[in-house]
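Please look through the sequence and the model shown here before reading on. The report is written for someone meeting this structure for the first time.

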Amino acid sequence: MALDKNQIAKRIAQEVKDGYYVNLGIGIPTLVANYVRTDISVEFQSENGVLGMGPFPFEGEEDADIINAGKQTITTLPGASFFDSAFSFGMIRAQKVDLTILGAMEVSENGDIANWKIPGKMVKGMGGAMDLVASAENIIVAMMHVNKAGESKILKKCSLPLTGVGCVKKVVTELAVLEVTPKGFKLLERAPGVSVQDIIKATEAELIIEGEIPEMKID
Amino acid sequence: MISRKVNNVQEALDGIQDGMTIMLGGFGLCGIPENSIAELVRKNVTNLTCISNNAGVDDFGLGLLLQKRQIKKMISSYVGENAEFERQMLSGELEVELTPQGTLAEKCRAAQAGIPAFFTPAGYGTEVAEGKEVREFNGKMHVLEYAFKADFSIVKAWKGDEAGNLIFKGTARNFNAPMAGAAKITIAEVEELVPAGTLDPNEIHIPGIMVNHIFQGEKFEKRIEQRTVRQRS
């Protein structure tokens, strides 16, 4: 069975380690916060200028002055801090943030990512994504393996305008966990009940497949 | 004490004219100078180049200026919440320069700090870097970006005093802090304007030297773009 969005988030949450400062993009990445182990210490950064983000506020306690980069009302946890946007991207460029999780329209086998523009059709802008992918050491992409037209988003070469080059380290989709290696995509895990053959069929890029590919562990 | 206080938004925005470049603080609708935007609409200045991370929504924030076609060019990082913006951009009526958010913030900060240009890795290898000087530092490629040059900067703060000192609240600090003092003239609208000596100098985020005109906004709607809540269990 292919994973749903929450299960993708659950699998990615396993990559979040004790002591990590983490930046979560909009969409599936935001869900990751719900599944991080509670026995470890993690702080979430939002690039508009907050570190130590907490859950959404209770109804009636929303504050227009406290939002995340998705413009959603949020709360802060003990130890949180606010700062301006220049400072925020300073800490991103200086690699103080340990892990960046974001969505994508396409990822290529050399780690390029495209997620900000479909020429002539959709131009929303890159927001902070270009800064994040250009600077972060550890980038995980959360995305669906194929687009709505059934075409693979895991490619030899991106067809859309790039957000960053050679930066993605890992991709988690509803079908698989892939690692970007110097030789291309390596298949690390498959979704429960999904065969290696299913994954190959849904992937335009070549996959490096070594030995038995284990199933993802998602409770 | 040098007073930076003006009586109202009309006085504060007095020098803004057609064709000028204006920075506006805020992220989404959070911390936008809404009283000044309303005055820009009323003054009907046109052909503006606006530097702002976002372009508001259709009926609030910079969306109000877009509706009246007062903006010739937008320099932003993310404009996805505004259908009218997207329409004007795709039809070519509106000139748009999309800039990575951290680069946008740093172009403000550089202007504020008297730094003419800087190198950043953001955008290297993408269309954002096309035609720009690139250079390798520590084994990594960087793109040369220049400080903004703007006529006016309009920021919004939570509290301010007559000396022009500013304190922001929460994530409304966003682009307001790096834009203060980043243009020839900076206007600050604040929710609460107090006499000099009231605010603790230790708590000031932006010193008054960066602000030319400060006024207390008449009313703040502080609209929430994405109201997200959790259930009480």
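## Basis of the model

This is a predicted model, in which local features need pLDDT of at least 70 and side-chain atom pairs count only at pLDDT 80 or more, while totals for chains, interfaces and linings use all residues. Residues are numbered from 1 along each chain as its sequence is written, chains are lettered from A and ligands numbered from 1 in the order in which they are written, and side-chain values use heavy atoms, with hydrogens and water left out.

The complex as a whole receives an ipTM of 0.97 and a pTM of 0.96 from the predictor.

## Chain A and its helix H1

Chain A contains 5 helices and 15 strands, these being DSSP runs numbered from the N terminus (H or I of at least four residues for helices, E of at least two for strands). Of its 219 residues, 57% are buried, where buried means under 20% relative accessible area, exposed over 50% and partly exposed in between, with a 1.4 Å probe and protein chains only.

Helix H1 of chain A covers residues 5–13, and its buried residues are A:Ile8, A:Ala9, A:Arg11, A:Ile12 and A:Ala13. These buried residues pack against several elements of chain A, including helix H2 (28–32), strand E5 (99–102) and strand E14 (184–190).

## Salt bridges

Over all chains, 28 salt bridges are found, each being a side-chain nitrogen of Lys or Arg within 4 Å of a carboxyl oxygen of Asp or Glu. In one of them, B:Lys73 meets B:Glu95 at 3.8 Å, N to O; because B:Lys73 lies in strand E3 (residues 71–76) and B:Glu95 in strand E4 (residues 95–98) of chain B, the pair ties together parts 22 residues apart in sequence. B:Lys73 also forms a salt bridge with B:Glu97, the closest N and O atoms being 2.9 Å apart. B:Lys73 counts as buried at 17% relative accessibility, whereas B:Glu97, at 31%, counts as partly exposed.

Another salt bridge joins B:Lys132 to B:Glu145, with the closest N and O atoms 3.1 Å apart. A network of salt bridges links A:Asp63, A:Asp65, B:Lys156, B:Lys169, B:Glu191 and B:Lys222.

Definitions and conventions. Contact means heavy atoms within 4.5 Å.
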